[in-house]
Amino acid sequence: MIGNLLANYEEAVAIILFGIGFTMVLFQRNLIRKLIGMNIMDTGVFLFLASMGYIRGRKAPIILDPSLPAESYINPVPAGLVLTGIVVSVSVTAIMLSLCVRLYRRYHTLEIDDIYRLSKHQMEDR
Amino acid sequence: MALGVTEIVKILLLVLLIVCAISVNVTRSLLQSVIIFMAYSSIMCILWIFMESPDLAITEAAVGAGVSGVLFLLTLRRIREEDEDSSEDDGNTDF
Amino acid sequence: MKEKFWRWLDGSREYLEDASDMDETPYREREEVKTQIRERNDSLDKRRGTRAVIRAEEKGFRLLYSWVAVISAIFLIGVLLYVVSYLPRYGQENPQTTLVARRYLEDGVRETGAINAVAGMILDYRAFDTLGESHVLFTALVCVMILLEKDRKNMRRGYEDYYRITGEGFYTPNRDGIMQAAGFVLLPSILLFGIYILLNGQNGPGGGFSGGTVLGSGLIIFTMAFGFDTVDRIASRRLLKGVTVVALGFYSFAKGYVFFTGANGLESHIPKGTPGAILSGGLILPLDIAVGLVVACTMFGFYSLFRRGSIGGKGKACSGKKAGTGAGTKAEGKDNA
């Protein structure tokens, strides 16, 4: 298995990045760090997709010479998917960050524990 | 497995990527985290070129290292403004 | 005040129960919140017994949480790594995944007129996907607007008071000499580069998303250097709104026609042109420009909303009064669309 992982090193790195992002989302107490963790998870998935489409020794799919066979280019499908994903990830980040600003305006902290405690007290208040 | 120069540089960049991702976790300052995240995106952009996807490289350079980081920094700044605002007025008008 | 913010930024956060630096802090509201919490904590203590019980409860939950989280993270990563080790070798061709790609690469130039196979894919074969994505961007902008815009319902001071008290220069970035000189040097090339990759999406790397983002970043740098009151003359709220709506409407109309006629690809009656020229690729170039304009407006809108809480000033129509660099690019892009 280790040998297989070394051969598939790029996919393995993508999975490790996904894991780092996942642990950040689970363990960081700060909302902004959680968001950075989500972004790292995103890039891990993108790296995985793009490395599935990469074929060693071939060129980018820009067909300047139509006489060349299709075997001389890499797979363009993952590139299109990732291009879509990058732009979606930035819009998700923007929405999350604006929610963070609203949370800070209400609770004056970004630490998830304090927000939880404050919201519990306010719930008991009602 | 014979490694060419390209492969070695690529593996180096991948290791650097993991180092950046871990050091985002480890630093204590939020500002440092955001800046390291921008560096992470720049490394990712170079990696896309090595993986023969120039479209992704341009997009990642503009989005990941540019706009995304600017949004994070602006959020930090906005939070400070909220604090300064709240010391001046009654603060019950939000929500 | 600032010092405290930097301390918070440094990560040395104060716990809410910690009352050691209560006296020197200038935050009245935060103080009130803290005293509120302390009172609630005391009443909770009375109701539920000692504080130690609560602490123990929290501690138990924390312990359980960290164990479950560690186990689930290790399990997930282990399973994923196990699967990765059985995937086909990295860098080898995998015949199952290249069936569709072969069609795109072999017939793409003839069918779409685009040299860049990725552009031909996302804007011709799979253009409906891209349509959805532009709408995702638009929806995200609307959501951020709902959450952060300073209108009558959603701000601390009154809107008129805000402009009367602060003047229009309050939320604009301070006019830094270095920023202005750098912007003077960099902006033309950034905007030119943005337009270049926007218009050459079918011929090389680039296209709507990257070109639009570079254009948006150019607008952001312009704002950082010369302030919001300069940008409002060029990119007013009305202009941004109009450009976004026209571009999205054009895209939706063009692609809705495809699906109305059976999703067999659009007979656009636009000649494909010679592959490699700027005016080639049939419908790809207009769609690219539409996507790019939407993305540029969205990025600038994000920046503007996060920076001062509104897009394009008071919504007054003051576009085209003073044509600067940005106005030229905008007008050019619009004409092309």
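In the predicted model, the contact between chain C and chain A takes 51 residues from chain C and 48 residues from chain A. On the side of chain C that touches chain A, at least two residues each are supplied by helix 2 (28–48), helix 3 (51–85), helix 4 (99–112), helix 5 (117–125), helix 6 (127–148) and helix 12 of chain C. Helix 6 of chain C provides the largest share of this side, nine residues. By residue class, the side of chain C that touches chain A comprises 33 nonpolar, eight polar and ten charged residues.

The largest nonpolar core contains 129 residues, and those with the most contacts inside it are Leu17(A), Val294(C) and Phe302(C). Helix 12 (residues 284–308) of chain C contributes the largest share of this core, 17 residues. For Val294(C), the contacts beyond its neighbours within four places in sequence are Ser134(C), Leu137(C), Phe138(C), Gly212(C), Thr244(C), Ala247(C) and Leu248(C).

The loop between helix 11 (237–260) and helix 12 of chain C holds Gly281(C). With 29 other C-beta atoms within 10 Å, where 20 or more are required, Gly281(C) is therefore classed as buried. Residues up to four places away in sequence aside, Gly281(C) touches Thr112(C), Gly113(C), Ala114(C), Gln202(C), Lys272(C) and Gly273(C). Of these, Gly113(C) is 168 residues from Gly281(C) along the chain, yet the C-alpha atoms of the two are separated by 4.1 Å.

Within chain A, the axes of helix 3 (residues 31–53) and helix 4 (residues 76–107) come within 9 Å and cross at roughly 175°. An angle over 145 degrees counts as roughly antiparallel, and helix 3 and helix 4 of chain A are therefore roughly antiparallel to each other. Helix 3 of chain A takes part in the contact through residues including Leu31(A), Ile32(A), Leu35(A), Asn39(A), Asp42(A) and Phe46(A). Among the residues on the side of helix 4 of chain A are Val77(A), Pro78(A), Leu81(A), Gly85(A), Ser89(A), Met96(A) and Cys100(A). The residues of this helix contact divide into 16 nonpolar, five polar and one charged.

As to confidence, chain A has a mean pLDDT of 86, and 95% of its residues reach 70 or more. Among the elements of chain A, helix 3 has the highest mean pLDDT (92), while helix 5 (residues 112–125) has the lowest (73).

How values were computed
Residues numbered from 1 in each chain as written. Chains lettered and ligands numbered in written order. Predicted model: local features only at pLDDT ≥ 70, side-chain atom pairs only at ≥ 80, totals over all residues. Axes fitted to C-alpha atoms, helices over the stretch in contact; angles between N-to-C directions. Helix = DSSP H or I, 4+ residues; strand = E, 2+ residues; numbered from the N terminus. Parallel < 35°, antiparallel > 145°, perpendicular 65-115°, else oblique. Contact = placed C-beta atoms within 7 Å. Nonpolar A, V, L, I, M, F, W, Y, C, P; charged D, E, K, R; others polar. Core = buried A, V, L, I, M, F, W, Y, C linked by C-beta atoms within 7 Å. Buried ≥ 20, exposed ≤ 12 C-beta atoms within 10 Å, placed from the backbone. pLDDT = per-residue confidence, 0-100.
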